[in-house]
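Thanks for coming, everyone. Please bring up the structure on your screens, and let's walk through it together.

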Amino acid sequence: MERAKESKRIGFFPDYRLTNDYQSMLYSEQSGSSWEAEPLVTPFNLDPSIDAIHFHWQNAIWPENSTDREQLLHSDFESLFRYKDSSNKSIKTIWTVHNAMPHETFDIQGEIALMQKMSCESDVIHLLSKESLQELGKYIEIDPNKVIIVPHSSYFGFSKTVSDSAKVRADMGIADSALVLGFAGMIRPYKNLPLLLEVFQELRREFEDLVLVVAGINLDPAVASKILEISIEYPGTIYIDKFLSKADFAKVSSVIQIACYPYSQVLNSGSIYSSFTFGHHVVAPNHPGLQSLKELPFVSFFENNDASDLSRILRELIEFGLYRGSPAKALLWAKENDPSTMSRQFFQAIDSKLT
């Protein structure tokens, strides 16, 4: 389809659409806006038809070499992200802040310096929750006049669905009477899976029908050894260590009833919004960045890194069946907070800042 003459072009970087639906969801309603979004192979040496650069996960522009890092920190955006033809056209910059800090980093002070650079030079700073501004304020200064807040949507319409979850349960060897506690997604140290594994062992001794499902490519060696031990003691435990395709993810998510995300630290969590899309009751830590979820009746909170409190919350959910009404409520929320709504809000918000 030919681009409307009045449309403005956003080049986004990095392009993570193959492994993360967020960017596809955020730009899904571009045809109804005055913007056209497309991926950039590199944010350097831009085509002059690009009107704005949209950065996600800013550490993707961060060089490995310390000398190059210093050069990046001391270059202004106008000269750093320049046009091929040395055009005098002004480059607008949008920064979506996904994390308060990169999940794995060897240079915290350098990361903070880059974030402050992004904050100072960006024209628009997109936050995914009101709480994010206060959390980021612990590390950097942000001009509130640059800020737009467009919350993370559900994955409704983007996640694959399973028509027969009972068959998936049977194929995975899960009994009809079993209650499935689960985690699906990339396993990384900050996600704190050892805490869930510790609590599961305690609860499994009390609730014989409790099944644990952990699925996703594993980047945390502490999880691999521990979950294999648990699998020997409790043979019904299901551990799938691989990258999950959309179909794989849908199958795993279709059998989970209570999803637990015991993050040691987090600003925003796409996994939680994915769980809502599959009708899970979600258990999450009491981190400041997740406070906006407290009003949702299908989310339960436990004290950060507190195994006894996580055990207490899960025990109450299991004993009293408090999770049973969650699927209908979570799915309704997912439909009402769909990607199309988020995308329209995003384009309207950047219009208000850049036009």
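Start where helix α7 meets helix α8. From α7, the residues in contact are Leu 193, Pro 194, Leu 197, Phe 200, Gln 201 and Arg 205. From α8, they are Ala 222, Val 223, Lys 226, Ile 227, Ile 230 and Glu 233. By class, that contact holds 8 nonpolar, 1 polar and 3 charged residues. Keep in mind that this is a predicted model.

How do α7 and α8 pack, at what angle and how far apart? The angle is about 10 degrees, and the axes are 10 Å apart. Angles under 35 degrees count as roughly parallel, so α7 and α8 are roughly parallel to each other. Their crossing is left-handed. For orientation, α7 covers residues 193-206, and α8 covers residues 221-233.

Now turn to another partner of α7. Helix α11 is residues 307-319. The axes of α7 and α11 come within 10 Å and cross at roughly 45 degrees. These two helices are therefore oblique to each other. Here α7 passes α11 in a right-handed crossing.

Which residues meet there? On the α7 side, we have Leu 195, Leu 196, Glu 198, Val 199, Glu 202, Leu 203 and Glu 206. On the α11 side, we have Ala 307, Leu 310, Ser 311, Leu 314, Arg 315 and Ile 318. Sorted by class, the contact has 8 nonpolar, 1 polar and 4 charged residues. An α-helix has 3.6 residues a turn, so residues three or four places apart point the same way.

On to the core. The largest nonpolar core has 83 residues. Which of its members touch the most others? They are Leu 181, Ile 272, Phe 276, Val 283, Leu 314 and Ile 350. Helix α7 gives the most to this core, with 7 residues. There is also a second, separate core of 29 residues. Its members include Ile 91, Val 97, Ala 100 and Met 118.

Setting aside neighbours within four places in sequence, Leu 314 is in contact with Leu 181, Val 199, Leu 203, Ile 258 and Val 283.

Next, helix α9, residues 246-255. Its buried residues are Ala 250, Val 252, Ser 253 and Val 255. What covers them? The cover includes α6, β7, β8 and β9.

Buried or partly exposed? Asp 241 is partly exposed, with a relative accessible area of 43%. Not counting residues up to four places away in sequence, Asp 241 touches Gly 216, Ile 217 and Asn 218. Asp 241 and Ala 224 are 17 residues apart along the chain, and their C-alpha atoms are separated by 8.5 Å.

Another loop residue is Ser 159, between β6 and α6. The relative accessible area of Ser 159 is 18%. Buried means under 20%, so Ser 159 is buried. Beyond its neighbours within four places in sequence, Ser 159 is in contact with Thr 277 and Phe 278.

Now go to strand β1, residues 8-13, and find Phe 12. Phe 12 is buried, at a relative accessible area of 2%. Apart from residues up to four places away in sequence, Phe 12 touches Arg 17, Gln 23, Tyr 27, Ala 37, Glu 38, Pro 39, Leu 40, His 54 and His 56.

Last topic: backbone geometry. Most residues other than glycine have a negative phi, and most peptide bonds are trans. Where is a cis bond here? A cis peptide bond joins Phe 13 and Pro 14, with omega about -10 degrees. Pro 14 lies in the loop between β1 and α1.

Then there are two asparagines. Asn 192 has a positive phi of about 60 degrees. Asn 192 sits in the loop between β7 and α7. At 15% relative accessibility, Asn 192 counts as buried. Asn 305 has a positive phi of about 55 degrees. Asn 305 is in the loop between β12 and α11. At 44% relative accessibility, Asn 305 counts as partly exposed.

That's the tour. Thank you.

Note on methods: Residues numbered from 1 in each chain as written. Predicted model: local features only at pLDDT ≥ 70, side-chain atom pairs only at ≥ 80, totals over all residues. Heavy atoms only, no water. Core = buried A, V, L, I, M, F, W, Y, C linked by side-chain atoms within 4.5 Å. Buried < 20%, exposed > 50% of the residue type's maximum accessible area, 1.4 Å probe, protein only. Helix = DSSP H or I, 4+ residues; strand = E, 2+ residues; numbered from the N terminus. Contact = heavy atoms within 4.5 Å. Axes fitted to C-alpha atoms, helices over the stretch in contact; angles between N-to-C directions. Parallel < 35°, antiparallel > 145°, perpendicular 65-115°, else oblique. Left-handed = near helix turned anticlockwise from the far one by under 90°. Nonpolar A, V, L, I, M, F, W, Y, C, P; charged D, E, K, R; others polar.
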